[in-house]
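Subject: Handing over the model

Hello,

Here is the structure I promised to pass on. Please open it alongside this message. My notes follow below.

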Amino acid sequence: MSGQTRVFQSLSLLALVLALSPFAPCRDPSAHDISAHSPENGTPPVASATKNYVVRFLEYKRAEDHRSYIEEKIGSLSGWRWVERRNPAASFPTDFGLLAIEELYHTVVIMELERLQLVKDVIVDSSYTRTLFGDSSEKYVAFLESTKRSGKLFTSMSYEGEQIYTPFSNSTISWRKLMMDRSQVTSLFGAEKLWAKGFTGGKVKMAIFDTGIRADHPHFRSIKERTNWTNEDTLNDNLGHGTFVAGVIAGEDAECLGFAPDTEIYAFRVFTDSQVSYTSWFLDAFNYAIATNMDVLNLSIGGPDYLDLPFVEKVWELTANNIIMISAIGNDGPLYGTLNNPADQSDVIGVGGIDYENHIASFSSRGMSTWEIPHGYGRVKPDVVAYGRDIMGSKISTGCKSLSGTSVASPVVAGAVCLLVSVIPEKTRKRILNPASMKQALVEGAFKLPGPNMFEQGAGRLDLLKSYEILKNYRPRASIFPSILDYTDCPYSWPFCRQPLYAGAMPVVFNATILNGMGVVGYVGGPPTWQPSDEVGNLLSIRFSYSQVIWPWTGFFALHMQIKEEGAHFSGIIQGNVSVEVYSPSLDPGGQRQISSCVLHLKLKVVPTPPRSRRLLWDQFHNIKYPPGYIPRDSLDVRNDILDWHGDHLHTNFHIMFNMLSDAGYYVETLGSPLTCFDASKYGALLMVDLEDEYFPEEIEKLRDDVLRAGLGLVVFAEWYNVDSMVKMRFFDDNTRSWWTPVTGGANVPAINELLAPFGIAFGDKILNGDFSMNDEQSHYASGTDIVRFPASGYVHRFQFQDSSESGATQNVLQASGSTKVNYSILGLLEAAAGRVAVYGDSNCLDSSHMVTNCYWLLRKILDFTNRGVKDPVLFSDSARRDLPLREDDSKLPSRRTDVNFSAYSSVVSKELTCGRDARFEVWGTKGYRLQLMGRNRKLPGYPTLDLGADLKGTMGGSNFSQGEPERKVEENPLEAPTRTKLGRSVDFLSLINREELDGSMFIAGQWLGPFIVGVACLALFVSYWRMRQRRRKRRKAPAPARSTNAV
């Protein structure tokens, strides 16, 4: 073959290859030179010279050794001093120190401290403020400009007497007394049967973290030790809460018996008479509990901040040292998404409350956990529930009284746990009992109540005797909680039982917990397996995310479930088991590792894929909640809850709306990834409600095309956004000695306006309040915004409201000022090419957190329009039609804040666009539909593709933790990661040539135009080469002409 031919073939092959190559807070108690800030004066006090900081070290040493190390390294710097902590923990090694740092030097000093090799981090010493009793309404009075109460947020945990104040309804509920004598709570659980067997809590060390106890209290047999961790010079309980808790656990008075009267009580006084505590107090007290080998610890406190790292990580360390912690789940019910920390941690036994009729107490907080939102799905909490209303316990000095609350239910379970611990012989106790094995006994023995769902009752009501039977013959093992997901078991399996699976849907995520009773450290032995009970089970596709290192004692185990396309017409039940092997190192040196097989039973209901008009998609990705930032509440009329911390999820504070949509025949799916990660042709409408985040340019472009060309309906419920009002909401926190500034408004209106700009729609910066009537429906507009741009031929509804944006953002001030009402546009409906758009300026009428009146009727009519083109005569009246466009100048549109580092809270700003594990399997790890040919994205550290990491301590296969959570080492599971092509980042050649935004059809054509031209050229070259070869062959085969030879 000639060289020319070889070159030609090489060029042809190259052309062919090219053609085929097509994402808190506060200060130390000893520093009382900082004056108190009065909320009335609206300005902070003059800051003192110093603020106290917790300096955490990487290892335990004597406090004097840490001090010497710090003095050696930064002794030459001015403006700091070591704070001596004189408490019982001083005689033990510690992992932190307390430094008072002058404000003038704190930047330099902290920078130098964080550079030190043995220093883990430096965090301001946090103050904890707790309200113990609910009989005073004063604690719920809000500050005029949204100041929060001092200290880290903690909810009230118990209530005295029959009158219970419910902050969220601003009302007092009177509970009817039982028509019988109050029973002993111990007899309701059968404690006397264990007493009769000789089990009374003996040799069990019970740590009670509360307000202390008096040494000579007549109700207790064994008060072993009282320690004071506060700055007050007393060991006594002057409030009564610590004494009451101890009485429920170990009291022996005949009127208010405790569960385990022989339990050894160790009273840790961690709250002052003013109900204040500090991070440093808790850290020292926790360290002392570890050093003195406590068995059980009760903590009847809680709050929404699960990102307080020193506190959360010390709880992990405490349970890792085999201390069984029981904690109250919170008194923020009946709202969903209100779990309190640390009870929401998987290594802690979280306890909810019920009444004597086995109904979930109205005050008891509900799940799911919100650590994982918006990029994952929450875990089941509480773990168990116990009686928490009208429980009898000990008074401060003598006698008994009744209290209600989850801080009462918590010691009920703690007392039962002490009793159960005493069942195991002391010699083998530490080998068998641990936080995981005790939780296994409690949740497996619990009685499932017939009415509440899993996020209300967890495993169910405590059953002391069944748990006793489990522990009596217990052998260390691992298990999964919940151990069954049954779509036919309603209402317990809500929300799963409300909506069947079907082909083409977003993956349904179920986030279970691995309980490893074999050891504090465990590992998943191999890929989990799905074992269907029959052939139809093969229609189910499952992918898994799980903790590859299970520590301490627990880990997460998440299922991502899809029905395959061939099941689009299937209707029926799919059953089977998911199995996973867990192993732990041997407890004995040189011994074999312990292995346990865990099983999760699935019973799933499947229906044929619903029509597009019945399918809705909920945008969860663009939600931001507290923590880690000051995300303000949506309704500024609410005076007792300044933060937006309930998750804003379909199954938390929008759960009533979810049920309504389900009853109306809609199927609602959740998207925790960018808007490029769903196929718009499958959905009737996209629901965008109360969203705070920004949008990628690709999202804006795709949504425009989805509506105008693919016929997607778009429904937007916005919220207030006013920079001046946000500035007024800024407040000085006495405990952190810093300003708290709202990160955004109720919704991120400037970002929403950019999203709606292609449709000619924009919201304004008003904060509107008032009532209006439409279609004979009385509605309340609670701190909503107005519509300031809308195209002609659309329909816009206007009503009279008061604007509170210029008067402190509170309705009370507005009414006092005598402001008058004017007409504002709040509802708009538009036909936009192939799609339809509906916008409304307030989401509080859909949010069960602070709802005054609901607007579900309006949502149903809007969906009739966006999904099926049905025009309600009230919404589409002639009077609402606009002949001219509504348009305000750009200068009147709300603008973004420039003084906030929004990237610290955002999943968009400074992040890469990537589809996470709640998107369809085929786009995991890509940019999404239409964009997936651009190649895989490089994942930035900390980028939130999906967070299912239970308690922030697991390693996820192929995903990273969400922004704002503690950084943990994340390893990709090669068995689960999407396949990456070798051309990975090299195929994006069109975008490298032209970075301008393209029209949708041009974009798709542009992606294939280059390969198409190259392919045609390749084909032409090949045909030309083939013809040339054919002609040569013909010439070779032709007969040779005769040669003439003439003789001369």
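Is Asp125 buried or exposed? Asp125 is buried, and its relative accessible area is 0%. Buried means under 20% relative accessible area, exposed means over 50%, and partly exposed lies in between (1.4 Å probe, protein chains only).

Before the rest, the ground rules. This is a predicted model, where local features need pLDDT of at least 70 and side-chain atom pairs count only at pLDDT 80 or more, while totals for chains, interfaces and linings use all residues. Residues are numbered from 1 along each chain as its sequence is written, and side-chain values use heavy atoms, with hydrogens and water left out.

**Around Asp125**

Asp125 sits in the loop between β4 (119-124) and β5 (127-129). Helices (H or I, at least four residues) and strands (E, at least two) are DSSP runs, numbered from the N terminus. The Asp125 side chain reaches the backbone nitrogen of Thr279 at 3.5 Å. That is a polar contact: a pair of N or O atoms within 3.5 Å; within protein, one must be able to donate a hydrogen and the other to accept it, and residues adjacent in sequence count only if both atoms are side-chain atoms.

Helix α7 covers residues 279-291 and holds Trp281. Trp281 is buried, with a relative accessible area of 7%. Asn231 is 50 residues from Trp281 in sequence, yet their C-alpha atoms are 9.3 Å apart in space.

**The parallel sheet**

Which strands make up the seven-stranded open sheet? The order is β10-β11-β9-β13-β14-β15-β16, with parallel pairing. Two strands pair if DSSP finds at least two bridges between them. The edges are β10 (223-228) and β16 (384-387). Each has a single partner strand, so one side of each is left without a neighbour in the sheet. On average, neighbouring strands here are turned by 25 degrees against each other, direction ignored. For such angles, axes are lines fitted to C-alpha atoms, for helices over the stretch in contact, and angles run from 0 to 180 degrees between N-to-C directions.

Now along the sheet:

- β10 runs parallel to β11 (residues 264-269), and five bridges join them. Thr227 stands opposite Phe268 in β11.
- β9 (residues 205-210) runs parallel to β13, with four bridges. Phe209 has Leu299 of β13 as its bridge partner.
- β13 is joined to β14 (residues 324-328) by four bridges, again in parallel. Leu297 stands opposite Met325 in β14.

β13 (residues 296-299) is covered on both faces. Val296 and Asn298 are buried on one side, Leu297 and Leu299 on the other. In a regular strand the side chains alternate between the two faces of the sheet.

**The antiparallel sheet**

What is the strand order in the open sheet of four strands? It is β19-β21-β26-β24, and the pairing is antiparallel. The edge strands are β19 (478-481) and β24 (540-546), each pairing on one side only. Neighbouring strands are turned by 30 degrees against each other on average, direction ignored.

The pairs are these:

- β19 and β21 (residues 508-516) share four bridges. Ile480 stands opposite Ile514 in β21.
- β21 and β26 are joined by eight bridges. Val508 stands opposite Met561 in β26.
- β24 and β26 pair over seven bridges. Ser541 has Gln562 of β26 as its bridge partner.

How many residues of β26 (residues 554-563) are buried? The count is 10 of its 10 residues. Both faces are covered, with Phe556 and His560 among the buried residues on one side and Phe557 and Leu559 among those on the other.

Helix α11 (residues 435-445) lies across β19 and β21. The helix runs at about 120 degrees to β21.

**A helix pair**

Helix α9 (residues 406-421) packs with helix α13 (residues 464-472) at an angle of about 35 degrees, and their axes are 10 Å apart. Ala416, Leu419 and Leu420 in α9 meet Leu464, Ser467, Tyr468 and Leu471 in α13. Contact means heavy atoms within 4.5 Å. The contact residues comprise six nonpolar, one polar and no charged. Here Ala, Val, Leu, Ile, Met, Phe, Trp, Tyr, Cys and Pro count as nonpolar, Asp, Glu, Lys and Arg as charged, and the others, Gly among them, as polar.

Best wishes
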